[in-house]
Amino acid sequence: MALGAVSRRGLAGLSRNSGGLGLGLGLVTVRGLKTFTLPDLSYDYGELEPYISGEIMQLHHQKHHQTYVTNFNKALEHLDQAMAKGHSPTIVKLQSAIKFNGGGHINHSVFWKNLTPVREGGGEPPKDSLARAVENQFGSLDSLIQKVNVEGAALQGSGWVWLALDKDQKRLSIETTFNQDPLVAKGSSYVPLLGIDVWEHAYYLQYKNVRPDYLKNIWKVINWKYASDVYEKECP
């Protein structure tokens with residue numbers, strides 16, 4: 001069976017509730033310790049083609065995101081043990097693993113919601129208040145997309161480019177984060193509306209090292225409805 005035809009379901013069969021930052025991060029309790037699970041996607045891996053291949057989507061979700069979840073849970077378990085023992089050096093040492101893997105889980109959980117098949121509205125422009133905010137601040141949606149693509153292409157190494165809402169300023173902002181740093185690491189007032197993964201694992205099998213082509217095409221499957229819903233909720 002071709003990878004693109006495989007369903008997104010089957011790996012994360014545990015029951016889960018919406019946890020952590022309201023992003024549907026998947027939180028369950030095992031042996032009294034809360035752990036995170038890989039979230040299901042609302043579409044099958046091949047449904048974003050031809051813009052993102054089913055092979056990339058399956059590997060990205062089942063392998064890369066799952067690895068962040070697994071290592072995040074391991075780090076949290078070790079932290080729980082170190083806290084119980086009051087072992088400060090271990091507690092401090094674990095912070096980088098928690099930030100990296102926890103950030104990877106948070107970021108990817110947003111990323112999957114930022115995508116949707118064309119037949120379900122992928123690529124359709126934002127409406128209502130978010131559309132007005134985009135026009136007021138950037139002049140047009142095309143101008144915003146161009147600025148995001150420039151920032152994403154210029155980001156050295158691995159990381160993310162975001163369309164964020166600064167709740168304190170009630171303004172949109174284009175931000176970048178390195179590695180798997182979540183947007184909240186730049187400030188608690190920042191809310192991710194859209195996040196685009198510019199790690200090579202998100203595009204290399206299809207676009208090789210031409211990141212600008214990936215950035216150009218991903219907008220065809222961007223879920224602006226999700227972004228608009230978050231904007232309406234956070235900036236009524």
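**The annotated site**

Which side chain makes a polar contact with the side chain of His-108? That partner is His-60, at 2.9 Å (a polar contact being a pair of N or O atoms within 3.5 Å; within protein, one must be able to donate a hydrogen and the other to accept it, and residues adjacent in sequence count only if both atoms are side-chain atoms). Bear in mind that this is a predicted model, where local features need pLDDT of at least 70, side-chain atom pairs count only at pLDDT 80 or more, and totals for chains, interfaces and linings use all residues. Residues are numbered from 1 along each chain as its sequence is written, and side-chain values use heavy atoms, with hydrogens and water left out.

An unreviewed UniProt entry puts the feature "binding site" at His-60, His-108, Asp-197 and His-201; such positions are given in the numbering used here, feature names are shortened, and annotations may be inferred rather than shown by experiment. These residues spread over 142 residues of sequence yet cluster in space, with a largest C-alpha distance of 12.2 Å.

**His-108 and Asp-197**

His-108 sits in helix α3, while Asp-197 belongs to strand β5 (helices, H or I of at least four residues, and strands, E of at least two, are DSSP runs numbered from the N terminus). His-108 is buried at 0% relative accessibility, and Asp-197 is also buried, at 0% (buried is under 20% relative accessible area, exposed over 50%, partly exposed in between, with a 1.4 Å probe and protein chains only).

Leaving aside neighbours within four places in sequence, His-108 has contacts that include His-65, Tyr-68 and Gln-180 (contact means heavy atoms within 4.5 Å).

**Salt bridges**

The whole structure has 6 salt bridges (a side-chain nitrogen of Lys or Arg within 4 Å of a carboxyl oxygen of Asp or Glu). One of them pairs Glu-47 with Arg-119, the closest N and O atoms being 2.0 Å apart. Glu-47 is in the loop between β2 and α1 and Arg-119 in the loop between α3 and α4, so the pair ties together parts 72 residues apart in sequence. Glu-47 is partly exposed at 24%, whereas Arg-119 is exposed at 61%.

Another salt bridge joins Glu-175 and Lys-186, with 3.0 Å between the closest N and O atoms. Since Glu-175 lies in strand β4 and Lys-186 in the loop between β4 and β5, the pair ties together parts 11 residues apart. Here Glu-175 is buried at 12%, and Lys-186 is partly exposed at 40%. Elsewhere, salt bridges that share partners join Glu-47, Arg-119 and Glu-120 into one network.
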